[in-house]
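Hi,

Here is the structure I said I would pass on.

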Amino acid sequence: MKRVGQYTLRFERCPAILGHAAVGGKKESEGPLAPDFDQLFSDSYLNQESWEKAESRLQTESASLAIRKAGLRNTDIHMIFAGDLLNQCISSTFGLRNLNIPYLGQYGACSTMAQTLAMAAMAVESGAATYAAAVTSSHFCTAERQFRTPLEYGAQRAPTAQWTATASGAAVLGIGTGVRVCHVTVGRIKDLGVTDMANMGAAMAPAAAQTLLDFFADTSTAPEDYDAIYTGDLGTVGTELLHALMRENGVPLSRHKDCGLLLYDRDRQDVHAGGSGCGCSACVLCGHILNAMERGEEKNILFMATGALMSTTSSQQGESIPGIAHLVHLSV
Amino acid sequence: MKQKSPAAYQAMVRAASPASPLAKDCLLAFLTGGAVCALGQALVNVYMLFGKPLADARTCVSVTLIFLSALLTACGVYDRIAKYAGAGTLVPITGFANSMVSPAMEFRSEGYVTGLGAKLFTVSGPVLVFGISASVIFGVLLFFWNLLTGGAA
């Protein structure tokens, strides 16, 4: 592992994603990416008593599946990096408590998949772990009740609002063959003063642009050098702003796709500006993207999940929303 | 990344963010709010037909509308109507019933006391606090006004 430029890590052993799994809920099963999921639930409670338990179960299922698909047992995993949106990351701690794997909780809001993937890759690359796992989840109902209003409350959503995915994604990394992690750029917090909690895409776009520019500068590459550039959960508004910011900085973005716009059919599924939540970019990566790479359709991609690092308290106190974006360069 | 001021970015955000369809929202609110009121009036007439005096009939209408709103909330239908109706279902008494029943359902999972009891007014609380405060202030002002002008207290 070597630092290139100021912000990017270049891996030498290049840990491979040995197993990956995506699980989702009902709305995700009705979306265009349904065939890419390993498991889909039609009941938003997943046979549990509370939505929090349901979200925990999403993580249990995705982590267990990914480990099985890697041909490993729980005891083989030296570290699991996991996080979610709920206070004190309870979906992760409760979902993974019975797996008996050394656990490090992470919080990166919706950027958690890229953050945990980067951490797991660094652990394997450095030799700290032979096998390390990354997992994250979100659930529409748990997020609504924590960040907004009760589910049955009759409120109207703004056109810029995004829909929290009920989904989880997990990846198991180790030295081997398959899709490999080549670079990681850890993002800097960027805040351009957006205060609207119903417009997260706008709050995260500057951080996304900053991390992409850092990565291209550090590695002396350009957007055209990659088969695809996936961002997590910018939605329509954030995507438009990201493209505008990149143009302003002289690096027009091509081959860009946003996980928040891939997961749902916006015309049919009433998700307004697109999907969001940790589980959104996680399930798109661990299902759709990695499947496409393993089929050889895409060989060299950038995956950058973006997060809005506010809480309900900070927003009620009038604070703006700090954004973050972490980038992982994956190649077959 | 080139320096960008929050003000300059705000202008970009405004241009990129679609606005709420205000005319459509207003029209739907007008129609559904009017429909709720028409239903209320129809119920007044029905209750009076059954021999209730006007004041009692109006009380019965409030009870009926609250019941209907609570029932639709419990069945998970209310929020689907409100998505289109907006202020049309929020402003009438139906909105208040919904703002009580939805947290009651939502926070039941944290127990009857610390969940349901504590969170029951989480949406409607501010309406009660400022509504009751405003009525108290208005009452006191009216009291002194009547003292000064010698009107009926």
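Let's begin with the overall build of chain A. For its 332 residues, a compact globule would have a radius of gyration near 20 Å, and chain A comes out at 18 Å, which agrees. Before you go further, do keep in mind that this is a predicted model.

**Chain A**

If you take the box along the principal axes, the C-alpha atoms of chain A fill roughly 55 × 50 × 35 Å. Of the 332 residues in chain A, 59% are buried. I also looked at the contacts in chain A with a separation of 6 or more: 78% of them are between residues 24 or more positions apart.

**Chain B**

For 153 residues the globule rule gives 15 Å, but the radius of gyration of chain B is 22 Å, well over that, so chain B is more spread out than a compact globule. Its C-alpha trace spans about 75 × 50 × 40 Å along the principal axes. Buried residues come to 21% of the 153 in this chain. As for contacts in chain B with a separation of 6 or more, residues 24 or more positions apart account for 54%.

Helix 2 (residues 22–49) of chain B packs against helix 3 (residues 54–74) of chain B at an angle of about 130°, and their axes are 9 Å apart. That angle makes helix 2 of chain B oblique to helix 3 of chain B, and their crossing is right-handed. On the helix 2 side of chain B, the contact is made by Gly40(B), Leu43(B), Val44(B), Tyr47(B) and Met48(B). Helix 3 of chain B brings Leu54(B), Ala57(B), Arg58(B), Cys60(B), Val61(B), Thr64(B) and Leu65(B). Sorted by class, the residues of this contact are 9 nonpolar, 2 polar and 1 charged.

**Where the two chains meet**

How many residues of each chain are in contact with the other? The count is 28 residues of chain A and 30 residues of chain B. On the side of chain A that touches chain B, helix 6 (200–219) and helix 7 (235–248) of chain A each supply at least two residues. That side of chain A divides into 15 nonpolar, 9 polar and 4 charged residues.

Which residues make the contact? From helix 7 of chain A they are Val237(A), Glu240(A), Leu241(A) and Ala244(A), while helix 1 of chain B puts in Met12(B), Val13(B) and Ala16(B). By class, this contact has 6 nonpolar residues, no polar ones and 1 charged.

Cheers

Key: Residues are numbered from 1 along each chain as its sequence is written. Chains are lettered from A and ligands numbered from 1 in the order in which they are written. This is a predicted model: local features need pLDDT of at least 70, side-chain atom pairs count only at pLDDT 80 or more; totals for chains, interfaces and linings use all residues. The radius of gyration is taken over C-alpha atoms; the globule rule is 2.2 Å times the number of residues to the power 0.38. A residue is buried if 20 or more other C-beta atoms lie within 10 Å of its own, exposed if 12 or fewer, and partly exposed in between; C-beta atoms are placed from the backbone. Two residues are in contact if their C-beta atoms, placed from the backbone, lie within 7 Å. Helices (H or I, at least four residues) and strands (E, at least two) are DSSP runs, numbered from the N terminus. Ala, Val, Leu, Ile, Met, Phe, Trp, Tyr, Cys and Pro count as nonpolar, Asp, Glu, Lys and Arg as charged, and the others, Gly among them, as polar. Axes are lines fitted to C-alpha atoms, for helices over the stretch in contact, and angles run from 0 to 180 degrees between N-to-C directions. Angles under 35 degrees count as roughly parallel, over 145 as roughly antiparallel, 65 to 115 as roughly perpendicular and the rest as oblique. A crossing is left-handed if the near helix is turned anticlockwise from the far one by less than a right angle, and right-handed if clockwise.
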